[in-house]
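Q: Hey, I'm new to this one. Can you walk me through it?

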Amino acid sequence: MSKIKCLLKIPLKPLYYLRKRLKFWLSGVKISLSKQKSIRKVRKNQNEKKKEKSLQNKIAMVSVTFVVGVLFIGLMAESSRLEGKVAQYETKKSEVSAKIKDEEARTKEIDELKKYMQTDEYAKEVARDKLGLVEGNQIIFKEEE
């Protein structure tokens with residue numbers, strides 16, 4: 001080395017410090033490069049995880065939408081079936097209401113007939129028609145055969 005010193009006539013001490021600094025700088029560059037590589041890997045992993053989460057979220061949303069759609073269709077079918085039953089019950093209700101009105105009119109007629117049957121006039125009519133009885137001053141005419 002001393003021969004090299006003499007030949008080049010360059011002091012080696014500054015070169016030694018320069019070399020040391022260069023090594024330090026290179027090691028820093030290596031560290032920063034390795035950090036950048038690890039950061040890239042981390043970001044890549046994060047992006048992959050985001051993509052997976054996004055895909056999972058999309059699948060979940062589609063699944064939920066499908067389930068809600070199926071439930072909605074089921075409810076609509078049940079609703080139409082119930083509307084049909086309501087219509088049937090409405091027609092039955094109107095029929096029963098008409099029958100009730102008829103029966104009420106018939107009951108009223110029966111009540112009037114019952115009141116009439118309790119009068120003397122009805123007793124006279126039955127005696128005339130069924131028993132052939134007459135009052136004291138009436139004359140009976142019979143048709144000849």
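Predicted model: local features only at pLDDT ≥ 70, side-chain atom pairs only at ≥ 80, totals over all residues.

Q: Okay, what secondary structure does the chain have, helices or strands?

A: The chain comes to three helices and zero strands. Read from the N terminus on, the elements go α-α-α.

Q: How much of the chain is buried?

A: Buried residues make up 1% of the 145 residues.

Q: And what about the accessible surface of the chain, how big is that?

A: About 14700 Å², with 62% of that belonging to carbon and sulfur atoms.

Q: Which residues make the nonpolar surface patch?

A: Phe66, Val67, Val70 and Leu71 make a nonpolar patch of about 410 Å².

Q: Where does Phe66 lie?

A: Phe66 is in helix 2, which covers residues 12-117.

Q: Is Phe66 buried or exposed?

A: Phe66 has a relative accessible area of 60%, so it counts as exposed. The cut-off for exposed is over 50%.

Q: Switching topic: how many aromatic pairs does the structure hold?

A: There is one aromatic pair. It is formed by Tyr116 and Tyr122, with ring centres 5.5 Å apart.

Q: Why is the pair of Tyr116 and Tyr122 called edge-to-face?

A: Because the ring planes of Tyr116 and Tyr122 sit at 70°, and planes over 60 degrees apart count as edge-to-face.

Q: And what's the relative accessibility of Tyr116?

A: Tyr116 is at 27%, so it counts as partly exposed. Tyr122 is at 25% relative accessibility and counts as partly exposed.

Technical notes
Residues numbered from 1 in each chain as written. Heavy atoms only, no water. Phe/Tyr/Trp six-rings, centres within 6.5 Å; stacked < 30°, edge-to-face > 60°. Buried < 20%, exposed > 50% of the residue type's maximum accessible area, 1.4 Å probe, protein only. Patch = residues over 30% accessible without salt bridge, like charges linked within 9 Å, V, L, I, M, F, W, Y side chains within 5 Å. Areas by Shrake-Rupley, 256 points an atom, 1.4 Å probe, with all protein chains shown as cover. Salt bridge = Lys/Arg side-chain N within 4 Å of Asp/Glu carboxyl O. Helix = DSSP H or I, 4+ residues; strand = E, 2+ residues; numbered from the N terminus.
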